[in-house]
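The following note is intended for a colleague who is meeting this structure for the first time. Please read the numbered points with the sequence and the model at hand.

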Amino acid sequence: MKKAHGIAASPGFACGPLHRIGRRALVPDRVPITQAEIPEQIQRFRLAVERAKGQIQDLVDRIRSELGDEEARILAAQLLILEDEMVWDATLAVIRLERINAEAAFARAVGDIAARFLELEDETFRERVNDLQDVEQRVLRAFLDDVPLPFELPTEPSIIIANNLTPSDTALLGGRNVIGFLMAEGGNTSHVAILARSLGVPAVVGLKGRIRRWRQGRKAAVNGTEGVAIYKPDPETERSFGRLRIEAKVANEKLAGLRDKESITPDGHRLKLMANIELPVELDEALARGAEGVGLLRTEYLFFQHQTIPSEDEQTVVYSDMVRRMGGRPVVFRTLDVGGDKVSDYLGAKREYNPFLGWRGIRFSLANRSLFKTQIKAICRAAVHGRVKIMFPMITGLEELQQAREVFAEAVAELVAAGVPHRGNLDLGIMIETPSAVLAADLLAPHCDFFSIGSNDLIQYTLAMDRGNARVSYLYQPLHPAVLRAIQRTVDAGHEAGIWVGLCGEMGSETRLAETLLGLGLDEISLHGAAIPKVKQVVRWTPYTEARKVAAALLAMGTAEEANIWLADYIDRRKEERES
């Protein structure tokens with residue numbers, strides 16, 4: 001029996017035979033052509049794209065009937081890639097300038113686009129390379145006359161094991177005979193993770209080379225709750241997983257009933273539970289889990305989809321669709337948060353020695369006022385369709401906030417002058433994610449309508465560690481005394497000024513920290529949609545007075561280790577009390 005640890009991408013438990021999926025990538029030959037053959041190659045490219053679009057649409061229709069609109073929308077995004085002017089222009093340019101065959105030109109164009117995505121450090125955008133490669137292979141197969149299935153489908157209930165799966169792979173698999181996923185690559189925002197959660201099957205991703213030698217047909221077990229995979233489990237492990245499956249089924253049925261219930265403690269304290277949204281496809285899942293709105297809408301993805309900056313109208317269309325889909329629930333837009341580590345060259349940023357301490361967030365936006373103002377205008381125009389708020393990232397002091405508000409005022413004035421429908425009286429808040437913002441929170445609060453604590457960066461900057469550096473990853477401690485005191489100080493400063501204070505980031509999605517965050521006095525937590533039911537359950541059974549005591553006890557601890565041990569013991573005691 002062998003055990004491997006990865007990323008818990010979809011909760012649940014499964015035990016069964018492995019079905020390995022791997023496909024041979026098509027690599028087209030580079031064939032020189034003459035000037036006279038260029039029109040013929042362009043026509044071959046057009047026909048191949050049309051054929052690929054037809055195949056994708058068939059899959060979209062099938063997955064919509066089997067899994068619903070949300071999952072179909074993930075795959076339908078590939079149709080947009082095939083219609084993207086950047087893909088078409090790049091391919092046609094290679095055909096004409098380099099005088100090579102259409103399939104080689106297309107592969108070259110997609111490869112260049114994928115390379116730009118891979119330069120980004122944000123894992124979500126790196127995972128979008130999977131979409132591009134999927135589209136590339138589909139179009140390349142469309143150039144061929146005979147297009148066989150890319151892999152064999154499982155003939156019995158199986159755990160799918162692969163290096164990674166493309167959206168069309170998962171669509172082809174559907175839900176038939178799939179009881180779990182084990183992926184060497186990917187993260188929580190990968191398509192496999194999203195679809196696994198929708199299918200209600202466990203998934204562990206990011207297992208890397210640890211599963212490379214696990215063979216087809218051998219039995220395996222998947223613990224998607226804790227991110228553990230077991231190869232050739234013994235009989236006792238199989239029995240244990242069987243019991244865990246039954247327990248998980250009962251628990252999920254109970255949690256589903258919380259969707260429309262308020263997130264309120266037994267003694268009447270209200271804590272709003274919102275969703276963090278990176279991509280439009282995540283909205284439906286968040287609503288299905290009971291999200292009360294969007295507490296953090298990241299807007300970077302729209303900029304990274306294009307080689308040119310999206311126009312005001314293009315941004316307005318996308319933002320308006322997302323606001324409408326929230327059906328009157330509040331949506332908090334974070335303005336563009338990019339820096340030297342995660343922007344394409346066309347935005348004008350350059351790679352820096354230490355990008356997290358460099359030209360990023362509000363610094364980048366204020367240095368590019370036209371781009372900043374255009375985004376604000378688009379958000380204000382989208383606000384006519386619902387309840388919209390704006391927050392500025394990486395604020396370190398009052399000067400930056402005042403300058404950002406000036407740009408907002410200019411944007412609104414220009415919309416008024418142009419007679420464009422919009423809402424200009426939006427609430428404006430800031431991300432509290434630097435020690436300077438925490439220390440100056442009392443100075444910043446009178447100029448804000450709300451605070452949102454960005455826990456990921458706040459921990460990183462407070463503890464002087466790069467969370468992407470494996471050597472210091474052990475320092476990433478949410479219960480470090482400095483982190484807890486920073487959150488408490490921010491909440492107190494906000495409340496003293498009469499504004500609400502929320503938190504977004506990974507801390508909010510950790511169920512074990514729910515009582516702590518509740519006790520620190522937060523008004524709102526924005527978290528992954530899948531985590532909302534569990535956190536809501538904790539809120540509904542924990543009196544606010546008790547949560548305050550939990551927070552006070554942790555604030556008095558001298559080390560993160562001490563706080564972790566105390567909190568684990570407390571959670572165990574509470575569990576025993578509820579079960580007795």
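1. A surface patch of positive charge brings together Lys2, Arg212, Arg213, Arg215, Arg218 and Lys232. A patch consists of residues with over 30% relative accessible area and no salt bridge, like charges being joined within 9 Å and nonpolar side chains (Val, Leu, Ile, Met, Phe, Trp, Tyr) within 5 Å. Lys and Arg count as positive, Asp and Glu as negative, while His and the chain ends are not counted. Each charge is placed at NZ of Lys, CZ of Arg, CG of Asp or CD of Glu. Accessible areas come from the Shrake-Rupley method with a 1.4 Å probe, and for residues only the protein chains shown count as cover.

2. The model is predicted: local features need pLDDT of at least 70, side-chain atom pairs count only at pLDDT 80 or more, and totals for chains, interfaces and linings use all residues. Residues are numbered from 1 along each chain as its sequence is written, and side-chain values use heavy atoms, with hydrogens and water left out.

3. Helices (H or I, at least four residues) and strands (E, at least two) are DSSP runs numbered from the N terminus. Arginine 218 has a relative accessible area of 40% and is therefore partly exposed; buried means under 20%, exposed over 50%, and partly exposed in between (1.4 Å probe, protein chains only).

4. A patch of negative charge is also found on the surface, formed by Asp569, Asp572, Glu576 and Glu579. Aspartate 572 belongs to helix H24 (residues 560–579) and is partly exposed, at a relative accessible area of 45%.

5. Are the residues of strand E16 (residues 524–527) buried on one side or on both? Both faces are covered, with Glu524 and Ser526 buried on one side and Ile525 and Leu527 buried on the other. In a regular strand, side chains alternate between the two faces of the sheet.

6. Strand E16 has parallel pairings with strand E9 (residues 272–277), over four bridges, and with strand E15 (residues 500–504), over three bridges. Two strands pair if DSSP finds at least two bridges between them. Leucine 273 stands opposite isoleucine 525 in E16, and cysteine 504 stands opposite serine 526.

7. The structure contains 23 salt bridges, each being a side-chain nitrogen of Lys or Arg within 4 Å of a carboxyl oxygen of Asp or Glu. One of them joins arginine 325 to aspartate 284, with the closest N and O atoms 3.6 Å apart. The partners lie 41 residues apart, arginine 325 in helix H12 (residues 312–325) and aspartate 284 in helix H10 (residues 282–288).

8. Glutamate 312 and arginine 381 also form a salt bridge, at 2.8 Å from N to O. Because glutamate 312 is in helix H12 and arginine 381 in helix H14, the pair ties together parts 69 residues apart in sequence. Both residues are buried.

9. Lysine 373 and glutamate 410 form a further salt bridge, their closest N and O atoms being 3.2 Å apart. This pair links helix H14 to helix H15 (residues 398–418) across 37 residues. Lysine 373 is buried at 16% relative accessible area, whereas glutamate 410 is partly exposed at 31%. Shared partners join Arg369, Lys373, Lys377, Glu410 and Glu414 into one network of salt bridges.
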